[in-house]
Amino acid sequence: MTIENLEATVTGMLERLDRIGVRLDLPAKQREIEELEARSADPEFWNDGAGAQRVMRRLGALRNQVETWTELHQQAADLRELIDLAEADDDLRDEIAAEAKRVLRGVEELELNLLLSGPYDDHDAIMAIHAGTGGVDAQDWAEMLMRMYLRWASNRGFQTQVLDVTEGEEAGIKSATIEIRGPYAYGYAKGEAGTHRLVRLSPFDQAHRRHTAFALVEVLPQVEDNTEVVIREDEIRIDTYRSSGAGGQHVNKTDSAVRITHLPTGIVVTCQNERSQIQNRETAMKILRARLTELAIRKREEEQAKLKGEHVAVGWGNRIRSYVLQPYTMVTDHRTEYSTSNVQAVLEGEIDPFIEAYLHQQVGAADEQ
């Protein structure tokens, strides 16, 4: 990279950071940080555990935004000062170019975070995967998707925990529920909700014919305390039964698995992965709360869509992506038309380009409205 190109790159980064700083309203965020820090120092702050957690989550998100912007701006400014020294030093110029590439990626990530402004975007996520039409191929496809999302989460530095799995009789899984924890986990993952279609030569067909399989992905925001969602004891039925999954003799000989039915909505959640019935109940309640929150979000979106005369496709009717392995290789997102022929990389968790294209599309649609 020439000195002129380096100067243009770094200058462009600083200009982008200045625009980001305006959008972030850094002075206002700094004032809010100071106010929340003062509240958290109150001796009675933790008397309200749920309220304290909300404040600390907000404080952490604000600090992360301000500190990230400040660090990136300082790094870009340092690079601009070093450029003058690199005019006659090829090695230094290469080092600056490499560092500029890294800082630019950080700037792009910060810009992307600004797109995540929904009420639950900064929360952790619960993802549910269900095998659909396609028999054994669909169950195998559901397991492939679970592996893809676990890889993606790991690549982003998110923490994951498989909360519940129902295995298929011959291969794959019938369903799985995964908890994804990390900054803006729900905001990044929410665009993956919908039906995923796989086309390939079936390994379960003796004639090795081409088969199509479907799996449904649900993405729910994890909320510890939500005033929108109130779960009363008289509105739920709790059943216990013997776990059918792996877990050793203890799990199989005790009624540790839990099924909770929310009577007003008919929503049913299960958990059997933990060895303790108490732990399974806590996890099932966490999933139920997330499902009810997602239901409230969907109802709001449907009401808004009715006012605007729009149609909102949900569940199985919302096919968002096709993964074709035969007769050619291509992954295509039907909402953004973003596609790639590197199917193997996608199945190994490299789905960020799809997520970013979706987020940019959503912001563009909001701007038009």
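**Close-up views of the predicted model**

**Figure 1. Surface and overall make-up of the chain.** In this predicted model, the chain exposes about 19400 Å², of which carbon and sulfur atoms supply 46%. Its secondary structure consists of ten helices and eleven strands, and the C-alpha trace spans about 70 × 65 × 50 Å along its principal axes. Of the 369 residues in the chain, 42% are buried. Among contacts with a separation of 6 or more, 65% join residues 24 or more positions apart.

**Figure 2. The eight-stranded open sheet.** The strands follow the order E2-E3-E1-E5-E4-E9-E10-E11, with mixed pairing. Strands E2 (159-167) and E11 (339-340) stand at the edges; each has a single partner strand, so one side of each is left without a neighbour in the sheet. Within the sheet, strand E4 (residues 194-201) pairs with strand E5 (residues 210-221) in the antiparallel sense over eight bridges. In this pair, Gly-194 stands opposite Val-217 of E5.

**Figure 3. Helix H5 across the sheet.** Helix H5, formed by residues 135-155, lies across strands E1 (125-131), E2, E3 (173-181), E4, E5 and E9 (319-324). The helix runs at about 45° to E5.

**Figure 4. The surroundings of Tyr-323.** Tyr-323 belongs to strand E9 and is buried, with a relative accessible area of 0%. Leaving aside residues up to four places away in sequence, Tyr-323 touches Trp-141, Leu-145, Met-148, His-196, Arg-197, Leu-198, Val-199, Met-330, Val-331, Val-346 and Leu-347. The C-alpha atom of Tyr-323 is also separated by 7.2 Å from that of Val-343, a residue 20 positions away along the chain.

**Figure 5. Strand E7 and its two partners.** Strand E7 (residues 257-262) is largely enclosed by the rest of the structure, because five of its six residues are buried. E7 pairs in the antiparallel sense with strand E6 (residues 236-241) over six bridges, and in the antiparallel sense with strand E8 (residues 267-271) over five bridges. Thr-261 of E7 takes part in both pairings: Arg-237 stands opposite Thr-261, and Val-268 is the bridge partner of Thr-261 in E8.

**Figure 6. The hairpin of E7 and E8.** Four residues lie between the two strands of this hairpin. In the hairpin, Gly-266 takes a positive phi near 80°.

Definitions and conventions:
Residues are numbered from 1 along each chain as its sequence is written. This is a predicted model: local features need pLDDT of at least 70, side-chain atom pairs count only at pLDDT 80 or more; totals for chains, interfaces and linings use all residues. Side-chain values use heavy atoms; hydrogens and water are left out. Buried means under 20% relative accessible area, exposed over 50%, partly exposed in between (1.4 Å probe, protein chains only). Contact means heavy atoms within 4.5 Å. Accessible areas come from the Shrake-Rupley method with a 1.4 Å probe; for residues, only the protein chains shown count as cover. Two strands pair if DSSP finds at least two bridges between them. Axes are lines fitted to C-alpha atoms, for helices over the stretch in contact, and angles run from 0 to 180 degrees between N-to-C directions.
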